[in-house]
Number of protein chains: 2
Amino acid sequence: MTEQEFLKEYDSSGFQKPSVAVDLVLFTVRGESLQVLLTERSQYPFIGKLALPGVFIRIDETLDEAAQRALYQKTGLHDIYLEQLYTWGALERDPRMRIISVSYYALVPDSQIPESEQNKFSPVAEILQREDIAFDHREIIRYGQERIRNKVSYTDIAFSLVPEEFTLPQLQKIYEILLGQKLYKANFRKKIADKIQPTEKLTSGTKHRPSRIYRKKD
Amino acid sequence: MTEQEFLKEYDSSGFQKPSVAVDLVLFTVRGESLQVLLTERSQYPFIGKLALPGVFIRIDETLDEAAQRALYQKTGLHDIYLEQLYTWGALERDPRMRIISVSYYALVPDSQIPESEQNKFSPVAEILQREDIAFDHREIIRYGQERIRNKVSYTDIAFSLVPEEFTLPQLQKIYEILLGQKLYKANFRKKIADKIQPTEKLTSGTKHRPSRIYRKKD
DNA sequence: TTAGTTAGTATTAATTTGCTACTTGCTATA
DNA sequence: TATAGCAAGTAGCAAATTAATACTAACTAA
């Protein structure tokens, strides 16, 4: 069978293809909670409901490229590290037609993502309670949160939510919010000791003892 | 925008859709090595080369269903627990056309999968050395092995490679092959102690001290 | 000066891991 | 009928990690 033969046969068999989309789960930590970026849908289906930002994949771009394009089109950001989360393929997940969605997630510092009337962060805990999230996006968010909780323990992803220079109480707070539990200060510091570098600087303007400012090592 | 309007617009925009396939990475432990099931391709492209078993997804089946169908069509097996691994979307991964592949993996006891002239297990270590594996399937296998190494440490997947009744030396061997390293007998036993139940039975016919036979707890 | 508040450190107990060495029960053979 | 060989199974200790508590330090406000 040659390529020509194959393509002819494949084409003539004419089986329908699903559409493929990419959806983004952009997390941040703001205040006391883990939050996720959602857009209010302006079109059918689920008009007015909250959904993850996403795009249809083009025939000439990879999945990673489509994810970066979605990121840029929806937030204006470039070059954020996105990691593939899971691929969703239930039959009726989109009422229009068969759409398979490859989800990606990222942790982005609060300040870096511009919000708008359409694009807003919402607390994950709240979203997971709601029944009115578009498509299966609530489940995708739930799964993303689970993935993060796992990854936080054995990678450095938590650092991506903190600025260049940070204090240890700040960093610990991030860890606690991502993990959903309090940590012991002394133990926390032992564990991350080899990943941080102290600077000469201290915070100022606090009502209490200032804290030392650190940077990530390497 | 109504559904009709959307579909009309979507259709008339007429952008090309990629094809979507599902590929299976079926692992087993045989002898001293981790092995993976590969088929020898009989068609263009990569005729004669080894590839993972897979199928194109149909418009009316979910990804999980497609994976189970691939399993059945290629091995005759039903109801094996398959877990989604990763979705591969490089542009030129298939020379025929744009195909996105959702990969699934499973650990199956050696004996359960029937082999044939076309369908054979090969040691993963060997496959990873070879340059002549079809498509990007070598990379998929590599990624699957990595996933397994992680999962073995914090789940019970290793038990799925062992029969109902097994000895601890047997089980330890499985762990060692999956992890790619020797384990200390005493520590290994402490760690899995709460996952196993002793039976009254012992092995027989060995040249040395017989070992106790266990079952998985729960 | 002192109370309030958070930053940061010291210390100890409990658990897990890494590692060694032993005892046990079988077979083969001298 | 000893005993050597061999793998199964157990005991135990040192080192490292984790859980938890209690302390000291440095600032502000009153």
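Ala, Val, Leu, Ile, Met, Phe, Trp, Tyr, Cys and Pro count as nonpolar, Asp, Glu, Lys and Arg as charged, and the others, Gly among them, as polar. The legends below use these classes for a predicted model.

**View 1. Surface near DNA strand D.** By class, this surface holds 6 nonpolar, 5 polar and 9 charged residues. DNA strand D is surrounded by 20 residues. The closest are B:Pro169, B:Ala186, B:His208, B:Ser211 and A:Arg209. Two or more residues come from each of these elements: α6 of chain A, and α5 (168–179) and α6 of chain B. The most come from α6(A), which gives 4 residues.

**View 2. Surface near DNA strand C.** Around DNA strand C there are 20 residues. Those that come nearest are A:Pro169, A:Ala186, A:His208, A:Ser211 and B:Arg209. In chain A, α5 (168–179) and α6 (185–192) each give two or more residues to this surface. The top contributor is α6(B), with 4 residues. The classes divide into 9 charged, 6 nonpolar and 5 polar residues.

**View 3. Contact between chain A and chain B.** Here 29 residues of chain A are in contact with 30 residues of chain B. On the chain A side, the elements that give two or more residues are α1 (3–13), β1 (19–30), β5 (83–88) and β6 (99–107). That side of chain A has 15 nonpolar, 8 polar and 6 charged residues.

**View 4. Chain A superposed on chain B.** What rotation superposes chain A on chain B? A rotation of 180 degrees does, with 0.0 Å of shift along its axis. The RMSD is 0.1 Å. The two copies are therefore related as by a two-fold rotation axis. The same surface serves both copies, and 100% of the contact residues of chain A recur in chain B.

**View 5. The loop between β2 and β3 of chain A.** This loop runs between β2 (33–40) and β3 (50–51) and holds A:Pro45. The peptide bond from A:Tyr44 to A:Pro45 is cis. Its omega is near -5 degrees. A:Phe46 is also found in the loop between β2 and β3. A:Phe46 is not a glycine, yet its phi is positive, at about 60 degrees. Is A:Phe46 buried or exposed, or partly exposed? A residue is buried if 20 or more other C-beta atoms lie within 10 Å of its own, and exposed if 12 or fewer do. A:Phe46 has 17 C-beta neighbours inside 10 Å, so A:Phe46 counts as partly exposed.

**View 6. The cis peptide bond of chain B.** B:Pro45 lies in the loop between β2 (33–40) and β3 (50–51) of chain B. The bond that leads from B:Tyr44 to B:Pro45 is cis. Omega is near -10 degrees for this bond.

**View 7. B:Asp79 and its positive phi.** Where is B:Asp79 found? B:Asp79 sits in the loop between α2 (63–75) and β5 (83–88) of chain B. Phi of B:Asp79 is near 55 degrees. That is a positive value in a residue other than glycine. B:Asp79 counts as exposed because 8 other C-beta atoms lie within 10 Å.

Conventions:
Residues numbered from 1 in each chain as written. Chains lettered and ligands numbered in written order. Predicted model: local features only at pLDDT ≥ 70, side-chain atom pairs only at ≥ 80, totals over all residues. Least-squares fit on C-alpha atoms with pLDDT ≥ 70 in both. Contact = placed C-beta atoms within 7 Å. Near = placed C-beta within 6 Å.
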